[in-house]
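Load the model in your viewer and keep the selection tool at hand.

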Amino acid sequence: MAILSALATEVLIPVAGVIGIAFAVVQWVLVSQVKLSPAAAAAGGSKNGYGDYLIEEEEGLNDHNVVVKCAEIQNAISEGATSFLFTEYQYVGIFMSIFAVVIFLFLGSVEGFSTKSQPCTYSEGKFCKPALFTALFSTASFLLGAITSLVSGFLGMKIATYANARTTLEARKGVGKAFITAFRSGAVMGFLLASSGLVVLYITINVFKLYYGDDWEGLFESITGYGLGGSSMALFGRVGGGIYTKAADVGADLVGKVERNIPEDDPRNPAVIADNVGDNVGDIAGMGSDLFGSYAESSCAALVVASISSFGINHDFTGMCYPLLVSSVGIIVCLITTLFATDFFEIKAVKEIEPALKKQLIISTALMTVGIAIISWLALPAKFTIYNFGTQKEVSNWGLFFCVAIGLWAGLIIGFVTEYYTSNAYR
């Protein structure tokens with residue numbers, strides 16, 4: 001049996017998710033303390049860089065025209081990105097509705113929309129819930145995953161358009177302040193995405209459990225729709241936004257530079273604003289949905305594997321929630337690692353940014369390895385079985401730890417190898 005009790009698991013997962021969301025809100029508040037309105041400076045206030053004064057007078061940086069211009073450009077980009085996403089989401093909503101009906105019809109027709117209990121596939125002698133209700137719950141989880149994916153992308157876009165001008169203005173005080181503002185704004189989307197995805201998935205499992213009871217096989221089979229919904233929405237965000245930004249980029253270059261001799265990325269060229277809008281809806285909103293889709297898919301796949309193992313047969317809730325526990329530990333580890341960039345280390349020059357980010361990767365990977373080892377020891381029994389093409393194969397908790405740890409370090413190594421072969425810093 002696992003050392004970690006089911007009650008402790010029930011508490012640890014949502015608490016980690018709530019902590020992540022709260023930390024994201026704190027980062028948002030810290031970013032918002034960089035003021036964009038020059039009117040606030042005239043009213044008086046502190047001059048510590050985070051009060052009402054945006055630009056300290058003694059540094060000669062109190063050019064309010066620059067502040068106003070930054071605010072205008074930011075508003076234009078934010079308005080364009082919001083309009084694009086709302087328009088895109090209207091079409092996505094139509095697709096979502098049609099595809100939800102298709103999922104229900106396909107899954108429900110497996111047993112002819114039967115309302116009778118069916119023999120379980122992986123647990124002989126036991127009966128599982130009817131196929132009709134599995135289809136219904138799968139459709140609901142698909143819609144929930146799709147909505148969560150869209151919200152993740154939208155929130156990412158909002159913080160990006162909120163922080164862009166603030167990062168620009170902070171850069172006039174030094175690279176360090178700009179780096180912290182940019183890093184914190186990125187942390188907002190990262191923590192919101194991972195934490196909200198974890199909390200929504202956990203709540204969905206507990207709500208579905210009210211109907212499924214001990215039928216873990218049917219429960220987690222219906223949960224897989226959550227990952228499918230996230231990935232489906234990511235397709236629209238990445239591809240739609242990517243096409244839009246490339247079209248705007250080419251248009252800005254052809255008309256602006258070739259015909260009108262306007263410098264590249266000059267805000268006087270409307271296509272440049274459109275290009276920035278595309279970057280936000282494709283590279284940020286689309287990326288947010290894409291990351292959520294990958295995160296939800298991998299979690300749901302691992303839950304399905306757990307449900308047809310000895311954890312599902314023995315009703316070991318802690319063992320089945322091992323993927324969610326790993327995500328919970330990941331949120332806490334990333335929270336600690338974030339402090340190394342914003343509070344423990346100080347960036348003073350541009351050349352220090354890349355090493356600082358590399359340290360983040362190494363520190364987080366090392367801490368996460370320790371976290372995975374602890375969770376594997378606490379949440380998993382020393383020996384358990386996993387379904388292996390018709391038979392239950394016995395494995396150990398340290399074997400599962402090595403699987404996760406190897407994937408973790410492989411990701412780090414791939415990143416460094418890619419950087420070596422694509423960076424101009426190497427021969």
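**Annotated spans**

Keep in mind that the coordinates come from a predicted model.

Select residues 12-31. This span is 100% helix and 0% strand, and its end C-alpha atoms lie 29 Å apart. Then select residues 322-341, where the chain is 100% helix with 0% strand and the end C-alpha atoms are 29 Å apart.

Next, show Leu201, Ile205, Leu219, Phe220 and Ile223. These residues have the most contacts inside the largest nonpolar core, which has 49 residues. Colour helix H5, residues 175-212: with 12 residues, helix H5 gives the most to this core. Apart from that core lies another, of 18 residues; Ala100, Ile103, Val277 and Ala285 are among them.

Go back and centre on Leu201. Which residues does Leu201 touch, leaving out those up to four places away in sequence? They are Ile223, Tyr226, Ser299, Cys300, Leu303 and Leu324.

**Surface**

Switch to a surface view and select Tyr91, Ile94, Ile98, Val101, Val102, Leu105, Phe106 and Phe113. Together they form a nonpolar surface patch with about 810 Å² of accessible area.

Finish on Ile98, which sits in helix H3, residues 64-108. Is Ile98 buried or exposed? Ile98 counts as exposed because its relative accessibility is 53%, and the cut-off for exposed is over 50%.

Methods
Residues numbered from 1 in each chain as written. Predicted model: local features only at pLDDT ≥ 70, side-chain atom pairs only at ≥ 80, totals over all residues. Heavy atoms only, no water. Core = buried A, V, L, I, M, F, W, Y, C linked by side-chain atoms within 4.5 Å. Buried < 20%, exposed > 50% of the residue type's maximum accessible area, 1.4 Å probe, protein only. Helix = DSSP H or I, 4+ residues; strand = E, 2+ residues; numbered from the N terminus. Contact = heavy atoms within 4.5 Å. Patch = residues over 30% accessible without salt bridge, like charges linked within 9 Å, V, L, I, M, F, W, Y side chains within 5 Å. Areas by Shrake-Rupley, 256 points an atom, 1.4 Å probe, with all protein chains shown as cover. Salt bridge = Lys/Arg side-chain N within 4 Å of Asp/Glu carboxyl O.
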